[in-house]
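Keep the sequence and the 3D view at hand.

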Amino acid sequence: MGKVIIGIDLGGTNLRIGAVEENNNVLSFSKLRSSRIAHAADPMKELNAIIDEYIEENHISGVKAVSIGVPSSVANDKKTVICTTNIRDEKGEPVFLNRNIAEEIEKHFHVPVYVNNDTNNILLYDIMTNELSENSVIVGIYIGTGVGAAVIMNGQMLDGKDGAALDIGHIPYYNVDTPCSCGKKGCCECYASGWKLQEIRRKYFPDTKITELFVRHGNEKPLKEFIQSCAHVFAVMATIFNPEVMVIGGGVMEMPGFPKEEFEQAVNEATGKDVMMYGFRYVYSEDVESKGVVGAALFARRKM
């Protein structure tokens, strides 16, 4: 029996990969651009090649499973990607659309393969590192390139009937019509996401690096409105789920100078009064690049 799980965090911008030991130590962590898969003639062949290269270059042996987090809904078989909205080929089409990617990887490596929504995996990591009890209601929202969410209720991940639950990046804002990458208009990602923040930078602060936006311009109107948009997403989820803990993460929330106090106040003010009568605890996800990789391994162990 192998001793490590190959964990992969396939994000909209970067792919991270590592071999995770039983104690959750990550061996030989690597990162590359997701565009290598998005622009490949055969994305699955390219993904298998990336895993092959990683194993060979880092002299990894004893692999017992491969586990992948993807930035999209995953069918309840935990093998089939429904639609990678934020990973598109050069024609603008989703790279994986109703595709059983686990089966194709299993045929190549002859080990079990598990696929999960990436935010589910990261929430598992955050629960472990913050020693949170799964026997409660925990909501995790992660704003990076897009917006992802995960919910654990009494030890169970909320997946929905088909696995498509909690695609909150594409819930509609009322009476707005900004085009979204998914083909709809007015999705919350159009107002609260990493790509929206990039748009704000280009329009208002072109001479400022994206990593310095909150430090240099956090008190200016475009970013204050952006914080309100992010808070709106959290308030909706808090009002629906009445959580014990709200986990906050993603590249946007982990940026230098992100105004946590202002953000939390905006969430509290927008959340339903009945929920706020009891309140909830805020936990911020660690800025650790390998957390999606470790989370993928944690998920594989749950399935195995």
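## Helix pair and sheet

The axes of helix α4 (residues 118–129) and helix α10 (residues 291–303) cross at roughly 90° and come within 7 Å. α4 is therefore roughly perpendicular to α10 (65 to 115 degrees counts as roughly perpendicular). Axes are lines fitted to C-alpha atoms, for helices over the stretch in contact, and angles run from 0 to 180 degrees between N-to-C directions. Helices (H or I, at least four residues) and strands (E, at least two) are DSSP runs, numbered from the N terminus.

Residues in this contact (heavy atoms within 4.5 Å) include Tyr-125 and Met-128 of α4 and Leu-298 and Phe-299 of α10.

This is a predicted model: local features need pLDDT of at least 70, side-chain atom pairs count only at pLDDT 80 or more, and totals for chains, interfaces and linings use all residues. Residues are numbered from 1 along each chain as its sequence is written, and side-chain values use heavy atoms, with hydrogens and water left out.

Now the sheet. 5 strands form an open, mixed sheet in the order β3-β2-β1-β4-β7. Two strands pair if DSSP finds at least two bridges between them. β3 (26–33) and β7 (113–117) are the edge strands. β2 (residues 14–20) runs antiparallel to β3, joined by 6 bridges. Val-20 has Val-26 of β3 as its bridge partner.

Two helices pack on this sheet:

| Helix | Strands touched | Angle |
|---|---|---|
| α2 (residues 43–57) | β1, β2, β3, β4 | about 45° with β2 |
| α3 (residues 101–109) | β4, β7 | about 150° with β7 |

Notes
Angles under 35 degrees count as roughly parallel, over 145 as roughly antiparallel, 65 to 115 as roughly perpendicular and the rest as oblique.
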